[in-house]
Amino acid sequence: MSTPENEMTSRHERTVTGTPKGPAGPSEGAVGTPKGSAGTPEDAAGTPESPAGAPEGAATSPPGDARDNHPRAHCVIDPDGRITFRLPPATTPHPQLLLRLRPKKGRPETTLHVLDLEPDSDRGHGHLHAVLEPNPVLEEGRWDLYLLPEPGAERRRLRPGLRDLRALVDGHLRDRPSPVAVRIPYVTKDGFLALRAWRRTAHAEARAIGIEDRALTVTARLHGAELHEDATVRLRLRGTDTVRTLRPRADDARSFSFTAGPGELTVDGGGAGHIWDVFVRPASDAPPIRVARLLDDVADRKHIHVYPAIEADGSAFRPYYTVDNDLAIEVT
């Protein structure tokens, strides 16, 4: 049985970016660090009613409880990664937009990025805007957004308004230089606006994943690096030094595919509950590059792109995307 990736993507895009009618409203190596398969994705975007005048194909967020006094921010992203935020009028003279890199559990916050909010000439009537330029490149992780009424004031978490992500949908069609930097605005599971950011020296974008004849075939394309004659695909058993090496089939200097079956995925000694992380090494002297899917509008795809398993010799082998959108293969 095969599972065309484009069918899954089209279903997702109808869910996330559709604008139904409604009433008007307001690594192994140096590149990437894979995480475990456990975790709950934070992308809670649905298909609420669109604000009046919303661009066709733009994602929106529900207005929520009328008693909610959190300010709401609209955002639009262009193909170069530039994000424009628009906020309602402020009552203070020097409001700012604060981006905070969410620290790991039990760690203090260490990374903040502040933007001045300026009058929005397109909207007028005191509305504000701020532009997050492609540079400097944000550190990889999840960034929470806040309104600072003025420098040093108490921060206020932002709710999402219109999120126009149409420029990201076909982002995989453009070749990216090194470093590969990606930003996706999304809605957290508790209903606030955040950014998911990736920053990798090089990146291998997974595209089609087919499952047929008791084997899985992955098609991918390199960004920020090129394939050489001695390129290899490396499957590393998470938590161990065990590595299985495969020879990729190269279509050109960037595009490649590989096939893995039970022979490559069976864990020595048997047993279940193992995970293979997927890398490509573009040359024998180059660091391995994580295979992932980052170049579209999906911030958390683990529970969106779900694939069937290969069953053989009493085990099941299933490809999946981790909480970081990295490609892995689970053995159960």
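Student: Are D326 and R290 buried or exposed?

Tutor: This is a predicted model, in which local features need pLDDT of at least 70, side-chain atom pairs count only at pLDDT 80 or more, and totals for chains, interfaces and linings use all residues. Residues are numbered from 1 along each chain as its sequence is written, and side-chain values use heavy atoms, with hydrogens and water left out. A residue is buried under 20% relative accessible area, exposed over 50%, and partly exposed in between (1.4 Å probe, protein chains only). On that scale, D326 and R290 are both buried.

Student: How many residues apart in sequence are the parts that D326 and R290 tie together?

Tutor: Their side chains meet in a salt bridge at 3.9 Å, N to O; that term means a side-chain nitrogen of Lys or Arg within 4 Å of a carboxyl oxygen of Asp or Glu. D326 sits in the loop between β21 (315-321) and β22 (327-331), and R290 sits in strand β19, so the pair ties together parts of the sequence separated by 36 residues.

Student: Which residues do salt bridges with shared partners join into one network?

Tutor: Here we follow the chain of partners rather than a single pair. The members joined into one network are R100, R102, E109, D144, R155 and R157.

Student: How many residues apart are R100 and D144?

Tutor: The two side chains form a salt bridge at 2.8 Å, N to O. R100 belongs to strand β3 (residues 96-101) and D144 to strand β7 (residues 141-148); strands are DSSP E runs of at least two residues and helices are H or I runs of at least four, numbered from the N terminus. The pair thus links distant parts of the chain, and the separation is 44 residues.

Student: Are R155 and E109 buried or partly exposed?

Tutor: R155 and E109 meet through their side chains in a salt bridge of 3.1 Å, N to O. R155 lies in the loop between β7 and β8 (156-157) and E109 in the loop between β3 and β4 (112-116), so this pair ties together parts 46 residues apart in sequence. R155 has a relative accessible area of 31%, and E109 also has 31%, so these residues are partly exposed.

Student: In β6, what is the bridge partner of T84?

Tutor: β2 runs antiparallel to β6 (residues 128-132), with five bridges between them; two strands pair if DSSP finds at least two bridges. β2 is also joined to β1 (residues 72-77) by four bridges, again antiparallel, and C75 has F85 as its partner there. On the β6 side, T84 is bridged to V131.

Student: Which strands are the edge strands of the open sheet?

Tutor: The sheet has five strands in the order β5-β6-β2-β1-β9, with mixed pairing. Each edge strand pairs on one side only, and these are β5 (118-119) and β9 (159-164).

Student: What is the volume of the second largest pocket?

Tutor: A pocket is found on a 1 Å grid over the protein atoms alone: it is an open set of points with protein on both sides within 12 Å along at least five of seven lines, and lining residues have an atom within 4 Å of a point. Here 21 residues form the lining, and those nearest the centre are D80, G81, R176, A181 and V182. Strand β10 (residues 180-187) gives the largest share, four residues. Taking volume as the space filled by probe spheres set on the grid points, which are joined across faces, edges and corners, the value is about 400 Å³.

Student: From S178 to P179, what is omega near?

Tutor: P179 is in the loop between β9 and β10. The peptide bond from S178 to P179 is cis, and its omega is near -5°.

Conventions
On a 1 Å grid over the protein atoms alone, a cavity is a set of points where a 1.4 Å probe fits but cannot get out, and a pocket is an open set with protein on both sides within 12 Å along at least five of seven lines; lining residues have an atom within 4 Å of a point.
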